[in-house]
Amino acid sequence: MPDVRVDHVGIAVRSVADAEPLLELLGAEKLVHETDPTGAFRWAYYLLGDASRIELVEPVEGEASFLTDFLAENGPGMHHVTLEVADLNAAIAALEAEEVRVVDRTDYEGWAEAFVSPRNPTGVLLQLMEYRGPFTEGRPDPERLYIGGKRLGE
């Protein structure tokens, strides 16, 4: 298995604007707020301390998606834990060799991701993410977007 570390915890919310004041009260600092490349949801990424990150994920109004389904079934709450991996292909191969189900591999310009189904012994959806160089382009404070200022793959 390549190097792995917790990157962030994703929390599904109906509205980032409604949830954000609590994170601010806890001392969290918003780093970015963007729409997902699919256009189905928006996410806001917060720094809390030196290495803790929280992501609030909200649906785009009028767009049906996995997130609207999740919120309808479960309400707001923890949606996923993202694990940054140094090499996504190697991580997937190691998991599949142990018969762990990995689904929804997607490659974007700035990152690649895949998911371990929550039908695993933890019951949690695990997002595996490998950052790529273009991830920081056009985003403020690029060195703060990675834990410790560097991505694992560097």
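Here is a short tour of this chain, stop by stop, for you to follow in your viewer.

**Before you click**

You're looking at a predicted model, where local features need pLDDT of at least 70, side-chain atom pairs count only at pLDDT 80 or more, and totals for chains, interfaces and linings use all residues. Residues are numbered from 1 along each chain as its sequence is written, and side-chain values use heavy atoms, with hydrogens and water left out.

**Stop 1: the whole chain**

Show the cartoon of the chain and look for three helices and eight strands (DSSP runs numbered from the N terminus: H or I of at least four residues for helices, E of at least two for strands). Starting at the N terminus, the order is β-α-β-β-β-α-β-α-β-β-β.

How far does the C-alpha trace span along its principal axes? It covers about 40 × 35 × 25 Å. The radius of gyration is 15 Å, which agrees with the value near 15 Å that a compact globule of 154 residues would have (taken over C-alpha atoms; the globule rule is 2.2 Å times the number of residues to the power 0.38).

Of the 154 residues, 47% count as buried. Buried means under 20% relative accessible area, exposed means over 50%, and partly exposed is in between, using a 1.4 Å probe and protein chains only.

**Stop 2: strand 8**

Now select residues 126-131, which make up strand 8. Is this strand enclosed or open? Six of its six residues are buried, so strand 8 is largely enclosed by the rest of the structure. Check both faces: L126, L128 and E130 are buried on one side, and Q127, M129 and Y131 on the other.

Strands count as paired if DSSP finds at least two bridges between them.

- Strand 5 (residues 77-85) pairs with strand 8 in the parallel sense over four bridges; here L83 stands opposite L128.
- Strand 7 (residues 111-116) runs antiparallel to strand 8, with six bridges joining them; in this pair A114 has L128 as its bridge partner.

**Stop 3**

Pick N120, in the loop between strand 7 and strand 8. N120 is a loop residue, and with a relative accessible area of 16% it is buried.

**Stop 4: two positive phi angles**

Select E99, in the loop between helix 3 (88-97) and strand 6 (102-107). E99 isn't a glycine, yet its phi is positive, about 65°. At 76% relative accessibility, E99 counts as exposed.

Then hop to D104, in strand 6. D104 is another non-glycine residue with a positive phi, near 55°, and it counts as exposed at 54% relative accessibility.

**Stop 5**

Last, select residues 52-59 for strand 4. How many of its eight residues are buried? Seven are, so strand 4 is largely enclosed by the rest of the structure.

Bring in strand 1 (residues 4-12), which runs parallel to strand 4 and is joined to it by four bridges. Look for I11 opposite L56. Then show strand 3 (residues 41-48), antiparallel to strand 4 and joined to it by eight bridges. In that pair, R42 stands opposite E58. Finish on the hairpin of strand 3 and strand 4: three residues lie between the strands, and G49 takes a positive phi near 80°.
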